[in-house]
Amino acid sequence: FGQVERDFGPAWTGLLAVRYDRDEREQAVSAAGQALGRDEATFDAWQPKASLSWRPGEGTLLYATYAEGFRTGGFN
């Protein structure tokens, strides 16, 4: 995970972040009660995030955020 935040004047702040996730999955495979082996898979992804905030006055904050999430897969 990494994150950088920077002020652009007294009212504006920008943020950039990124996270990397990796998940290794393993599942036993069987049919009719008989073991047939194992399935293995690796799921990985970068997850970026960007945010911009503006304080137009005391007690007020407006912001916009963009982010991508990641959910690992599975077996059928």
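Let me start with the contacts of T13. Leaving aside neighbours within four places in sequence, T13 is in contact with E5, R6, D7, F8, S51, L52 and S53, where contact means heavy atoms within 4.5 Å.

A word on what we are looking at. This is a predicted model, in which local features need pLDDT of at least 70 and side-chain atom pairs count only at pLDDT 80 or more, while totals for chains, interfaces and linings use all residues. Residues are numbered from 1 along each chain as its sequence is written, and side-chain values use heavy atoms, with hydrogens and water left out.

Back to T13. Its place is in strand β2, residues 12–31; strands are DSSP runs of E, at least two residues, numbered from the N terminus. Is T13 buried or exposed? T13 is buried, because its relative accessible area is 18%, and buried means under 20%, exposed over 50%, and partly exposed in between, with a 1.4 Å probe and protein chains only.

Next, the aromatic rings. How many aromatic pairs are there? The count comes to two, under a rule that pairs rings of Phe, Tyr and Trp (its six-membered ring) if their centres lie within 6.5 Å; planes under 30 degrees apart count as stacked, over 60 as edge-to-face and the rest as tilted. W12 and W54 form a stacked pair, 5.6 Å centre to centre with 15° between the planes. W12 lies in strand β2 and W54 in strand β3, residues 34–57, so this pair ties together parts that are 42 residues apart in sequence. W12 is partly exposed at 38%, and W54 is partly exposed at 31%.

The other pair is Y20 and W46. Their ring centres are 4.8 Å apart and their planes stand at 45°, so the pair is tilted. Y20 lies in strand β2 and W46 in strand β3, so parts 26 residues apart in sequence are tied together. Y20 is partly exposed at 35%, whereas W46 is exposed at 58%.

Together with F8, L52 and L62, they make a nonpolar surface patch of about 470 Å². Patches are made of residues with over 30% relative accessible area and no salt bridge; like charges are joined within 9 Å, and nonpolar side chains (Val, Leu, Ile, Met, Phe, Trp, Tyr) within 5 Å. Accessible areas come from the Shrake-Rupley method with a 1.4 Å probe, and for residues only the protein chains shown count as cover.

Last, charges. The structure holds three salt bridges, each a side-chain nitrogen of Lys or Arg within 4 Å of a carboxyl oxygen of Asp or Glu. R22 meets E24 at 3.3 Å, N to O, and E24 is exposed at 57%. R25 meets D23 at 2.9 Å; R25 is partly exposed at 34%, as is D23 at 21%. Finally, R38 meets E26 at 2.5 Å. That pair links distant parts of the chain, with R38 in strand β3 and E26 in strand β2, 12 residues apart. R38 is exposed at 51%, while E26 is partly exposed at 48%.

Key:
Helices (H or I, at least four residues) and strands (E, at least two) are DSSP runs, numbered from the N terminus.
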